[in-house]
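Biologist: I would like to learn how to read a structure like this one, feature by feature. Could you walk me through it?

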Amino acid sequence: GSDPRLTGVIFSGNEATDDGAGMYNADSSAPTLVNVTFSGNEASDDGGGMYNRNGSAPTLVNVTFSGNEASGFGGGMINEGSSPTLTDVTFSDNRATGDGGGMENFDYSHPTLTDVTFTGNSTLSDGGGMCNFQNSDPTLVDVTFSSNRASGSGGGMWNGGGCDSRLTNVIFSGNEARFADGGGMYNQEDVVLTNVTFKGNYADEDGGGMANWNAGDPTLVNVTF
């Protein structure tokens, strides 16, 4: 339940034998971060840069997650039942062995992302840029996914398990799904896309731009492949 305020702070080269190598927020914590960098942090489990859980709602403005790594989920950030607000945030070159190279959302997490970039993030599983499952519905406005890679499905983004993401003014460019489906995006749910562009994405199997599976019935408005 803590609400610290951090401005101009760098978290670099930290390690956690469990979760949240850079920062760990729990139990309705709501820190405010402005001009903060998370670089080269490593978690032996989840959340290389940041782990948010149990109703935590941090506010991030002009924050960078770069080169962080998780042996589990969420190379840059993982949200468990938490809904952070991100504005002008960059996730670059973060890595996860599990899902969500850049960001992982699960267990009713509903983050809001505005002017956010995911570039060069990677995972050995699903969701190179972002992975959403267990009823998590992120809202994305003016977001770019570029050059992210998943060894599973969803090079840019993966949505499943009750996750009805909402995307407006979003670009998927040059993302890859190696050995699986959905180079740009993989959906098992009813996502809504408005003013979205898919360009130059690649999948070894189905759906270079987008793959929809099982209950995946997306709504597309002014979308370009």
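Predicted model: local features only at pLDDT ≥ 70, side-chain atom pairs only at ≥ 80, totals over all residues.

Biologist: In which strand is N132 found? And is N132 buried or exposed?

Modeller: N132 is found in strand β16, residues 130–132. Strands here are DSSP runs of E with at least two residues, numbered from the N terminus. As for burial, a residue is buried under 20% relative accessible area, exposed over 50% and partly exposed in between, using a 1.4 Å probe and protein chains only. N132 has a relative accessible area of 0%, so N132 is buried.

Biologist: With which side chain does the side chain of N132 make a polar contact?

Modeller: A polar contact is a pair of N or O atoms within 3.5 Å; within protein, one must be able to donate a hydrogen and the other to accept it, and residues adjacent in sequence count only if both atoms are side-chain atoms. Here the partner is the side chain of N159, at 2.9 Å.

Biologist: Now to strands. Which way do the residues of β13 point?

Modeller: In a regular strand, side chains alternate between the two faces of the sheet. In β13 (residues 103–106), M103 and N105 point one way, whereas E104 and F106 point the other way; all of them are buried.

Biologist: Which strands pair with β13?

Modeller: Strands of a sheet pair through backbone hydrogen bonds, in either a parallel or an antiparallel sense. Two strands count as paired if DSSP finds at least two bridges between them. Strand β10 (residues 77–80) runs parallel to β13 and is joined to it by 4 bridges; E80 has F106 of β13 as its bridge partner. β13 also pairs with β16, again parallel, over 3 bridges, and there M103 stands opposite M130 in β16.

Biologist: What is the strand order in the open sheet that holds β13?

Modeller: Its 8 strands follow the order β4-β7-β10-β13-β16-β19-β22-β25, with parallel pairing. The edge strands, β4 (23–25) and β25 (210–212), each pair on one side only. From one strand to the next, the twist averages 5°, the angle being taken from 0 to 180 degrees between N-to-C directions of lines fitted to C-alpha atoms.

Biologist: How many aromatic pairs does a search of the whole structure find?

Modeller: A pair of aromatic rings is described by the distance of the centres and the angle of the planes. Rings of Phe, Tyr and Trp (its six-membered ring) pair if their centres lie within 6.5 Å; planes under 30 degrees apart count as stacked, over 60 as edge-to-face and the rest as tilted. The search finds 11 aromatic pairs. Take Y24 and Y51: their ring centres are 5.5 Å apart and their planes are at 35°, so this pair is tilted. Because Y24 lies in β4 and Y51 in β7, the pair ties together parts 27 residues apart in sequence. Y24 is partly exposed at 39% relative accessible area, whereas Y51, at 4%, counts as buried.

Biologist: Why is the pair of F106 and F133 classed as it is?

Modeller: The centres of the F106 and F133 rings are 5.5 Å apart and the planes are at 10°, so the pair is stacked. This pair links distant parts of the chain, 27 residues apart: F106 is in β13, and F133 is in the loop between β16 and β17 (139–146). F106 is buried, with a relative accessible area of 14%, and F133 is buried too, at 18%.

Biologist: Which residues form one aromatic cluster?

Modeller: F11, F38, F65, F91, F118, F145, F172, F198 and F225 do. One of them, F65, is in contact with T90, as are V63, T64 and T117, again leaving aside neighbours within four places in sequence. T90 sits in strand β11 (residues 85–92) and is partly exposed, at 26% relative accessible area.

Methods
Residues numbered from 1 in each chain as written. Heavy atoms only, no water. Contact = heavy atoms within 4.5 Å.
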